[in-house]
Amino acid sequence: MSSTPRRRPFLLRRRGLLAAGGALLLGGCDRVAQDTEVRRALARGEDATRVIQRLLTSPAALAREYGPADISPAFKPNGTTDPDDDDYQDLVQAKFADWRLEVGGLVERPQKLSLDDLRALPSRTQITRHDCVEGWSCIGKWKGAVLGPLLQQAGLRPAARYVVFHCADVLEGSGSATKYYESIDLGDAFHPQTILAYDMNDAPLPVRHGAPLRLRVERQLGYKMAKYVMRIEVVDGFTHIAGGRGGSWEDLGYTWYAGI
Ligand SMILES: Nc1nc2c(c(=O)[nH]1)N[C@H]1C(S)=C(S)[C@@H](COP(=O)(O)O)O[C@H]1N2
Ligand SMILES: [Mo]
């Protein structure tokens with residue numbers, strides 16, 4: 001896959017951070033501060049929470065998964081529950097037959113994928129807890145296309161660093177000229193539980209929860225889990241998008257790294 005050359009240095013960098021994590025536990029903060037990888041990470045302006053959390057947890061650590069009996073009887077819909085957008089409403093009318101997920105930006109092979117195309121990709125089913133910053137949680141069962149293989153199908157260009165999800169709606173009450181968007185880094189993009197979900201609780205994803213496709217990035221807070229995903233853009237940075245902070249909520253002041 002054309003993305004392999006990009007992934008290798010990235011994983012090596014991660015291993016450097018993990019080694020530094022050992023130093024943090026054994027040798028105290030001085031040694032971490034001296035570690036060039038850590039200094040570089042902080043110098044890049046990355047959120048300290050993200051750096052420290054990833055020092056102390058394996059990049060591949062799975063979010064907790066639950067059993068069928070734990071599924072919330074009523075999963076709370078939040079934010080937009082029915083996008084006020086003519087094009088989106090036309091797609092709903094046609095039962096998303098004409099909907100295509102666009103995958104573009106820093107990729108070798110831009111894609112336009114129908115729901116059938118997505119259902120034919122490697123999938124994962126997971127029962128996980130969704131935590132919203134507003135202070136509520138719900139447990140749901142999600143099935144979707146694993147994001148990693150989808151990105152590999154498109155082939156990441158060497159400069160790729162983040163994946164941006166562009167949605168059909170506008171963040172409620174924001175009055176923003178830009179549609180709802182969120183971004184994640186390649187570590188989360190290639191995490192095994194990061195999926196583009198088309199099913200929820202064994203049925204096609206309903207409109208209130210983001211039909212026809214929503215992101216599940218299970219080690220992050222709810223606002224990162226973009227609903228109504230229309231387009232995926234692979235970028236080397238996001239300062240050129242909307243408010244420049246990597247997401248609709250981030251542009252209002254929420255942290256970009258919402259790890260839990
Ligand atoms: N496109 C879009 N995605 C979104 C939102 C939104 O308003 N629009 N709200 C976010 C927030 S704050 C939460 S908690 C979850 C809510 O998902 P749910 O409606 O399935 O509970 O979606 C997130 N993704
Ligand atoms: Mo949320």
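**Figure 1. Histidine 209 and its neighbours hold polar contacts with ligand 1.** In this predicted model, an oxygen atom of ligand 1 comes 2.7 Å from an N or O atom in the side chain of histidine 209. Aspartate 169 does its bit too: one N or O atom of its side chain is 2.7 Å from a nitrogen atom of the ligand. Then there's arginine 214, with a polar side-chain atom 3.0 Å from an oxygen atom of ligand 1. On its own, ligand 1 would expose 530 Å², and the protein buries 99% of that.

**Figure 2. A shell of 21 residues surrounds ligand 1.** Lys76, Asn78, Asp169, His209 and Lys227 are the closest of them. Sorted by class, the shell is made up of ten nonpolar, six polar and five charged residues.

**Figure 3. Ligand 1 sits in the largest pocket.** Here's the space itself, which comes to about 400 Å³. The pocket is lined by 25 residues, and those closest to its centre are Asn78, Gly79, Tyr180, Tyr223 and Trp249. As for the make-up of the lining, 13 residues are nonpolar, six are polar and six are charged.

**Figure 4. Helix H5 has a cap at its N-terminal end.** H5 covers residues 86-93, and the capping residue is aspartate 85. Look for the side-chain oxygen of aspartate 85, 3.2 Å from the backbone nitrogen of aspartate 87. Follow the chain to just after H5 and you reach lysine 95, where phi is positive, at about 55 degrees.

**Figure 5. Alanine 211 and proline 212 are joined by a cis peptide bond.** Omega for this bond is about 5 degrees. Proline 212 belongs to the loop between strand E8 (203-204) and strand E9 (214-216).

**Figure 6. Aspartate 202 takes a positive phi.** The value is near 65 degrees, and this is a residue other than glycine. You'll find aspartate 202 in the loop between strand E7 (195-200) and E8.

Conventions
Residues are numbered from 1 along each chain as its sequence is written. Chains are lettered from A and ligands numbered from 1 in the order in which they are written. This is a predicted model: local features need pLDDT of at least 70, side-chain atom pairs count only at pLDDT 80 or more; totals for chains, interfaces and linings use all residues. Side-chain values use heavy atoms; hydrogens and water are left out. A residue is near a molecule or strand if one of its heavy atoms lies within 4 Å of it. A polar contact is a pair of N or O atoms within 3.5 Å; within protein, one must be able to donate a hydrogen and the other to accept it, and residues adjacent in sequence count only if both atoms are side-chain atoms. Accessible areas come from the Shrake-Rupley method with a 1.4 Å probe; for residues, only the protein chains shown count as cover. On a 1 Å grid over the protein atoms alone, a cavity is a set of points where a 1.4 Å probe fits but cannot get out, and a pocket is an open set with protein on both sides within 12 Å along at least five of seven lines; lining residues have an atom within 4 Å of a point. A molecule sits in a cavity or pocket if more than half of its atoms lie within 2 Å of its grid points. Ala, Val, Leu, Ile, Met, Phe, Trp, Tyr, Cys and Pro count as nonpolar, Asp, Glu, Lys and Arg as charged, and the others, Gly among them, as polar. Grid points are joined across faces, edges and corners, and a volume is the space filled by probe spheres set on the points. Helices (H or I, at least four residues) and strands (E, at least two) are DSSP runs, numbered from the N terminus.
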